[in-house]
Amino acid sequence: MNAASQFSYWATIGLMVAGLFIVMARANLIKKLVGLAIFQTSIYLLYIAPGKLIGGTAPIIADGFSIYSNPLPHVLILTAIVVGIAVLALGLALVVRIREAYDSIEEDEILAAEERQH
Amino acid sequence: MSIALHMPVLQVVVPLLSAPLAVLARRGSLPFMFATTAAWCAFATSIALWMEVQHGAVLSYFIGSWPAPWGIEYRVDRLSALVLLLVSGIAAVVLPYSRRSIEAEIPREQHYLFYALFSLCLAGLLGITVTADAFNIFVFLEIASLSTYVMIALGRDRRALVASYQYLVMGTIGATFFVVGVGLLYLMTGTLNLPDMAERLAAVRHTRPVLAALAFITVGLSLKLALFPLHQWLPNAYTYAPSTVTAFLAGTATKVSLYVLVRFYYSVFGESLVFRQLPLPELMLLLSLAAMFIASGIAIFQQDFKKLLSWSSIGQIGYITLGLSFDTVTGLTASLVHLFNHAITKCGLFLLLGGAVVVTGGSALTRLAGLGRTMPLTSFGIVIGGLGLIGVPGTAGFVSKWYLVLAALERGEWWLVFAVLLSSLLAVVYVWRFVEMAYFRAPPSDMPPRREAPASLLIPAWLMIAASVYFGLDTSVTVGSASGAAEMLIGVKK
């Protein structure tokens with residue numbers, strides 16, 4: 001394994017850390033969700049990239065092909081993408097409701113509004 | 001006979017089906033009937049499953065007849081049967097309660113959606129427990145979590161929205177950490193079937209990706225089960241969710257995550273890897289003690305009784321993980337028994353409190369003043385449940401703490417016995433705060449003179465409290481299955 005063959009792992013880790021950082025460092029609720037989405041997307045790469053074999057084909061038995069890519073990670077990630085979309089959609093719906101209730105989507109302003117009230 | 005073979009999958013399919021049915025029915029009491037029937041079916045099935053695996057049998061079910069490790073396997077052993085029994089039992093009691101309770105808390109036009117979400121959440125939790133496929137666990141975890149986020153957001157207070165959002169962010173990070181761990185294990189073993197994975201791990205157990213997977217899974221699930229200090233989402237989520245949702249979640253959601261952690265530690269990684277190679281027991285011991293003292297300490301200073309009980313939950317989770325950190329049969333037994341007993345006790349407490357909220361209009365301790373006179377049955381139940389939290393002999397809480405103390409003595413750790421006793425004293429203090437309010441203060445002037453909660457709320461709640469006393473006197477069910485499960489888990493990997 002040289003550095004180039006590990007490229008996909010570095011990309012995964014980079015995206016993962018960037019996503020988590022955005023979730024923690026941003027106060028804007030939508031930006032947090034963007035970070036969360038990046039974090040989740042990095043996992044797709046973690047699963048998919050090792051399933052690809054150089055020179056491999058789709059896993060259909062046919063003459064002249066002996067190297068096949070693993071199809072299972074794709075199936076798993078298809079499910080994970082659905083889950084990710086559901087989380088993002090629900091998160092955004094909650095942000096809409098929060099904005100209606102607090103008139104803000106900045107975490108510090110919402111916390112301040114709570115402090116004032118109680 | 002043929003239907004009996006399909007019991008493991010029926011556990012999940014019946015509640016899963018009742019969710020779209022509830023949405024289609026929309027009006028009237030049909031959604032309620034669908035959800036309740038499904039929960040009762042699941043409970044009946046889990047009793048049948050529990051009896052079947054009592055003597056060490058393991059039931060396997062292959063979805064679509066694809067044999068493991070290629071297909072998805074559902075697997076019921078003594079450990080999962082106990083958790084199935086707990087989750088479906090709590091759902092079967094909470095659902096009849098929810099009908100009257102959500103009338104007071106959720107707009108009528110959203111009721112059918114509530115029942116659909118409840119069924120989905122139940123299907124997810126049962127699915128996590130019954131499946132033996134690592135990725136399947138993740139999918140069910142997200143089904144349960146997504147429906148939980150929505151149910152929390154149904155709370156009347158606008159803070160419920162923020163609590164739900166925070167839980168969504170933390171919960172998704174937890175689930176994603178879990179799936180990173182599963183991905184690493186899949187890369188190293190090429191399988192997702194848990195028993196198969198355990199076999200193949202033997203060859204690669206000390207490699208770095210496997211250790212990283214262990215770390216990711218531990219942190220991810222610790223977020224989900226609210227292990228101190230990853231608990232920040234819990235107090236607000238429990239406090240602002242509708243009463244019936246809080247009662248259901250307190251009894252099931254964190255407990256099922258604990259189950260998954262135990263499952264991965266003992267059935268996949270094996271205790272020699274988890275507990276001997278890494279400083280995990282020490283770390284878990286430390287965090288458990290922190291939870292037992294800090295969270296219980298914070299509970300004492302709460303002004304809202306629902307929030308007080310939520311903080312107490314975090315403290316009680318500390319006892320469960322404390323038992324886990326011992327890595328002995330007695331310790332694991334204590335941990336599983338406390339998982340069961342605390343779920344029932346806390347569920348009963350939240351149900352009773354929900355009844356009080358319907359009458360008094362709030363869960364602030366000042367609103368509950370004089371409750372002993374205005375609602376004698378409710379407040380007496382809360383006191384009994386509170387005694388269970390403390391661990392007074394005769395309640396379920398005593399049994400689990402007794403085993404915890406036994407496990408500590410077995411390892412010769414005397415100081416831990418004192419730690420358990422000391423943190424129980426903290427529980428005395430926070431339970432006393434309710435007793436003082438309910439029995440030694442005059443009711444607020446705008447309170448009706450004497451009005452008990454409706455029977456439809458009181459009966460399910462008292463059923464839970466009665467169960468918590470029953471399991472404190474007759475321990476054959478809880479300790480019997482828990483020690484059987486613990487022996488199975490530790491014995492297999494020796």
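Contact here means heavy atoms within 4.5 Å, and every view below is taken from a predicted model.

**View 1. Packing of helix α5 against helix α11 in chain B.** Under that contact criterion, B:F114, B:F118, B:C121, B:L122, B:L125, B:I128 and B:T129 of α5(B) meet B:T244, B:V245, B:F248, B:T252, B:A253, B:V256, B:Y259 and B:V260 of α11(B). The residues of this contact comprise 12 nonpolar and three polar, with no charged residue among them. Helix α5, which spans residues 111-130 of chain B, and helix α11, which spans residues 243-269 of chain B, have axes 9 Å apart and pack at an angle of about 20°. Angles under 35 degrees count as roughly parallel, and α5(B) and α11(B) are therefore roughly parallel to each other. The crossing in which α5(B) passes α11(B) is left-handed.

**View 2. Packing of helix α4 against helix α15 in chain B.** On the α4(B) side the contact is made by B:L79, B:L82, B:L86, B:I90, B:V94, B:Y97, B:R100 and B:A104, while the residues they meet in α15(B) include B:L336, B:F340, B:I344, B:F350 and B:V358, together with the glycines B:G354 and B:G355. Sorted by class, the residues of the contact between α4(B) and α15(B) are 16 nonpolar, two polar and one charged.

**View 3. The interface of chain A and chain B.** In this interface, 37 residues of chain A are in contact with 28 residues of chain B. The area buried between the two chains is about 2,900 Å², and carbon and sulfur atoms give 79% of it. Of the area that chain A buries against chain B, 18% is supplied by A:Y47, A:L90 and A:L94, which is more than any other three residues supply. Two salt bridges are found across the interface of chain A and chain B. A:E114 and B:R158 form a salt bridge in which the closest N and O atoms are 3.7 Å apart.

**View 4. A salt bridge within chain A, between A:E107 and A:K32.** Side chains of opposite charge can pair when their charged atoms come close. Here the side chains of A:E107 and A:K32 meet in a salt bridge, with an N to O distance of 3.7 Å. This pair links distant parts of the chain, since A:E107 belongs to helix α4 (residues 107-117) of chain A and A:K32 to helix α2 (residues 29-51) of chain A, 75 residues apart. Over all chains, the structure holds nine salt bridges.

How values were computed: Residues are numbered from 1 along each chain as its sequence is written. Chains are lettered from A and ligands numbered from 1 in the order in which they are written. This is a predicted model: local features need pLDDT of at least 70, side-chain atom pairs count only at pLDDT 80 or more; totals for chains, interfaces and linings use all residues. Side-chain values use heavy atoms; hydrogens and water are left out. Axes are lines fitted to C-alpha atoms, for helices over the stretch in contact, and angles run from 0 to 180 degrees between N-to-C directions. Helices (H or I, at least four residues) and strands (E, at least two) are DSSP runs, numbered from the N terminus. Angles under 35 degrees count as roughly parallel, over 145 as roughly antiparallel, 65 to 115 as roughly perpendicular and the rest as oblique. A crossing is left-handed if the near helix is turned anticlockwise from the far one by less than a right angle, and right-handed if clockwise. Ala, Val, Leu, Ile, Met, Phe, Trp, Tyr, Cys and Pro count as nonpolar, Asp, Glu, Lys and Arg as charged, and the others, Gly among them, as polar. Buried area is the accessible area (1.4 Å probe) that two parts lose on being put together, summed over both. A salt bridge is a side-chain nitrogen of Lys or Arg within 4 Å of a carboxyl oxygen of Asp or Glu.
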